[in-house]
Number of protein chains: 2
Amino acid sequence: MLRPHTSSKPVSIKDIARIANVSHSTVSRALRNSPLVHPSTAEQIRKIASESGYRASAVARSLVNRRTHTIGVVVTTIADPFNGEVVSGIEDKANHLGYSVFLANSKSEPERELRVVHSFEERRVDGIIVTSSRVGAHYADLLERMNIPVVFLNNHNPGNFAYSVSIDDGNGAREATNHLLDLGHTRIGYIGDEFGLRSNENRLSGFRGALRSRGVKEHAEAMESGDGSCAEGAAAMERILKRTPLPTAVFCYNDQTALGAMSALHARGIRIPEEISVVGFDDLPAASYASPPLTTVRQPMEQMGRRAMEILAGLLSGETAGIEGVEKFDGELIVRRSTASPKK
Amino acid sequence: MLRPHTSSKPVSIKDIARIANVSHSTVSRALRNSPLVHPSTAEQIRKIASESGYRASAVARSLVNRRTHTIGVVVTTIADPFNGEVVSGIEDKANHLGYSVFLANSKSEPERELRVVHSFEERRVDGIIVTSSRVGAHYADLLERMNIPVVFLNNHNPGNFAYSVSIDDGNGAREATNHLLDLGHTRIGYIGDEFGLRSNENRLSGFRGALRSRGVKEHAEAMESGDGSCAEGAAAMERILKRTPLPTAVFCYNDQTALGAMSALHARGIRIPEEISVVGFDDLPAASYASPPLTTVRQPMEQMGRRAMEILAGLLSGETAGIEGVEKFDGELIVRRSTASPKK
DNA sequence: GTGAAAGCGCTAACAT
DNA sequence: ATGTTAGCGCTTTCAC
């Protein structure tokens, strides 16, 4: 059985003042190392504070300062490993800068997205970071109307935002495709994310651009799309496998899609890369432990998260030197063993 | 270039009072649907509030209520997929119960762990959930001393805590081992997590118990340990592969360890499950897309997260009916294709 | 049904 | 160097 929690109120600045026989403002000053307080009294106050387990109330402080030193992070779901990496970077930087982070999952449900943003407003977060948002222009408006800075990270929306950090999708896709082309592939498929999403469009057009510049024509039988998950990646690959001729290589929107596709290939006994090469995008930790290890375009996910937080902190402090509104990171092609030249 | 953010103060209860020509207390009542306010004035007030984009300040409210409706979640790192699933469950439940969640990564660094908990104290979170903590008794004391309820989830510490939800490690390990035994394996290895961690000890003793009850003796050449990561799982497997005789099956502390082990096996050209069977623990999403799909013990991670949040909420509201202090979830053996009978 | 006043735990003038 | 006072945006007596 469980016993309900009985809480007693925390010690306050006044309690300390009483013990130290000074006014509460002196305590306030001492605790924030104001030079305006006598060293010895300051010393004594700090001693009492630490002995009594005093913890300044951030909520009271926030009320007067109008700054909570708190940010809100909206992700579709933190269970997605991509978001996990990004949030890890955000939290790390936030922690070092003295910010606490509220985390909320939107699940891409507009109704929930709204609730989440409202709660952030009520909490008076100083700023917001939104990662991988799939929701539309309506939501963007909502955020713009809030009177606090918002930084987007790899947003899928076609909307235009003032501040964002994202991967160079086009370039990454081009590099990946060129790698396949260099290996001699000519029947290359693409398994995308939902169509209409910006990042997918950009990767797709990078893919197409690479083909075009080598005079290779698109292999229409192997153009498919999923939703960025393993499950849909597998399903998409299965659809491709029903059509002929089979591609000799497939470029996937992301690693999860690629991992799903690989599992469909394995299930059919099709060897990777001997029969079909597979390339992903992201370089999730799982990519290097797949079998075979997955060739992919690395996104510096943690670093991007950290950068988003830095930009936000810049916006909040006014120190905006060296910060661009829209920052693009370069992907890096990581060649592993899921790609090889096609058999003759 | 980026323009620093210029914020104007949000509309307050007083602003609305002025416009509605009532006192701010009436506004406060109206907005919280107090029956003490005349329907028509309430109506008018709500209209003004919504038109002006009013958002009640949770920080002001918290100051008077002494409740922030906020909880703190400490994870080692949110980049770990296990924690991602758990936090997803916590956040989901918290959201429905009207709580916001602060997320912090401890990275298992005691110094950072301390900072994180202190910041939670200052933020006046109503409660704390700690997942997969690896830090020792010292930290546990710190938490116990705080005057707010703490719920642990799968803590690795040998310490004893008032409130916790965890998986039944022993039983899960026993089931997994029995599965291997049923298949006819007699040379079974174990790749653990760091020794000394409670969960590892429990899985290991479940493993040993199962062997013992069938009269199979431990295969000492294949007892190894990593740190719960793919990388160390692979390294541990490589060490095992240097010794003879090889095991015909290996049970791993968790899926990541198993996935790493599988990748080491693949790299050496050893077939799974024909030559060596592999079993994991957790059932991460990646497990079903591994090749071959991984046999593992499923932990209901999201559900455990939700339950931890429920318990915490119960502690906070005093509704403790149907809540045990220490709750154990049962794992479920999921047989996939990474296990088979050993070749004769 | 509504207003006036006090107070939550701090910070920041403004005295002294 | 320290104390007094006001106020941050709310909720909650207590009057009326």
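Predicted model: local features only at pLDDT ≥ 70, side-chain atom pairs only at ≥ 80, totals over all residues.

Colleague: Which residue of S9(A) is the bridge partner of A:Ala249?

Modeller: That is A:Ser277.

Colleague: What packs on the sheet there?

Modeller: Helix H8 (residues 169-182) of chain A does, touching strand S6 (188-192), S8 and S9 of chain A. The direction of H8 makes about 170° with that of S8(A). Helix H11 (residues 255-267) of chain A also packs on the sheet and touches S6, S8 and S9 of chain A. The direction of H11 makes about 160° with that of S9(A).

Colleague: And what is the strand order in the open sheet?

Modeller: S7-S6-S8-S9 in chain A, four strands with parallel pairing. Strands S7 (223-225) and S9 (277-279) of chain A each have a single partner strand, so one side of each is left without a neighbour in the sheet.

Colleague: Which part of DNA strand C does the side chain of A:His24 reach?

Modeller: A base oxygen, 3.0 Å from a polar side-chain atom of A:His24. For A:Arg29, a polar side-chain atom lies 3.0 Å from a base nitrogen of DNA strand C.

Colleague: What about A:Tyr54?

Modeller: A polar side-chain atom of A:Tyr54 lies 2.9 Å from a phosphate oxygen of DNA strand C.

Note on methods. Residues numbered from 1 in each chain as written. Chains lettered and ligands numbered in written order. Heavy atoms only, no water. Polar contact = N/O pair within 3.5 Å; in protein donor to acceptor, adjacent residues only side chain to side chain. Pairing = 2+ DSSP bridges. Helix = DSSP H or I, 4+ residues; strand = E, 2+ residues; numbered from the N terminus. Contact = heavy atoms within 4.5 Å. Axes fitted to C-alpha atoms, helices over the stretch in contact; angles between N-to-C directions.
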